[in-house]
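Have a look first, then read on.

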Amino acid sequence: IRTKPEASGTDNEDKVMEIKGQMIHVPESNAILFLGSPCVDKLDELIGRGLHLSDIPIHDATRDVILVGEQAKAQDGLKKRMDKLKATLEKTHQALEEEKKKTVDLLYSIFPGDVAQQLWQRQQVQARKFDDVTMLFSDIVGFTAICAQCTPMQVISMLNELYTRFDHQCGFLDIYKMRIGIHSGSVLAGVVGVRMPRYCLFGNNVTLASKFESGSHPRL
């Protein structure tokens, strides 16, 4: 049975309600009694027709259909939220891994491999003695005068270029006058500091290399 208001119109067509059930003849009143329930499978459809779940008889399977549908709807919504949260977590995890890699790469570029690994694992780095180490001390002649004639950005660019060349090659520099002191011998090496650790060399041979640099003549 389909029921709808007498007035016609588009809005009223949406409110058409199908009812399923059975008709029973009542001899006492010589009437036909129709027992039925609305044919809906969503709670929104039921509420949209001014009805509630409690209006449907307990023995009617429509209640179970609506409840199962609402449960599936809730599970689907939960799954979508979980998928969105998972995607956000994966994106955050990827960003953290990238930052972690940058930190590890920086650590390994500053310290020897075994020392960098111990620092990354928050282990205490023990000082070690090396019997044969070659040390190089260098100085830019007239650095103070150069800084007085340049802007801070020019000084930074100059130092960056110089250190970049040192990183890539230990060869001839044709821009700045340099004083260089080189010496080989046994040294004691260890990490100094906690918040800003530094890998330092100690010993008489380190002092000799420094003195060779300070006492040498500038070369182009």
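1. Start with helix H3: it supplies the largest share of the lining of the largest pocket, 4 residues. Helices here are DSSP runs of H or I with at least four residues, strands are E runs of at least two, and both are numbered from the N terminus. Bear in mind that this is a predicted model, where local features need pLDDT of at least 70 and side-chain atom pairs 80 or more, while totals for chains, interfaces and linings use all residues. Numbering runs from 1 along each chain as its sequence is written, and side-chain values use heavy atoms, without hydrogens and water.

2. The largest pocket comes out at about 540 Å³. A pocket is an open set of points on a 1 Å grid over the protein atoms alone, where a 1.4 Å probe fits, with protein on both sides within 12 Å along at least five of seven lines; lining residues have an atom within 4 Å of a point. Its volume is the space filled by probe spheres set on the points, which are joined across faces, edges and corners.

3. Which residues lie nearest the centre of the largest pocket? Leu119, Trp120, Gly193, Val194 and Pro197 do, out of 18 lining residues. Helices H3 (61–110) and H4 (113–120) are the elements giving two or more residues to that lining.

4. The second largest pocket has a volume of about 290 Å³. Strand E4 (residues 128–140) gives the most to its lining, with 5 residues. Ser109, Leu201 and Val206 are among the lining residues too.
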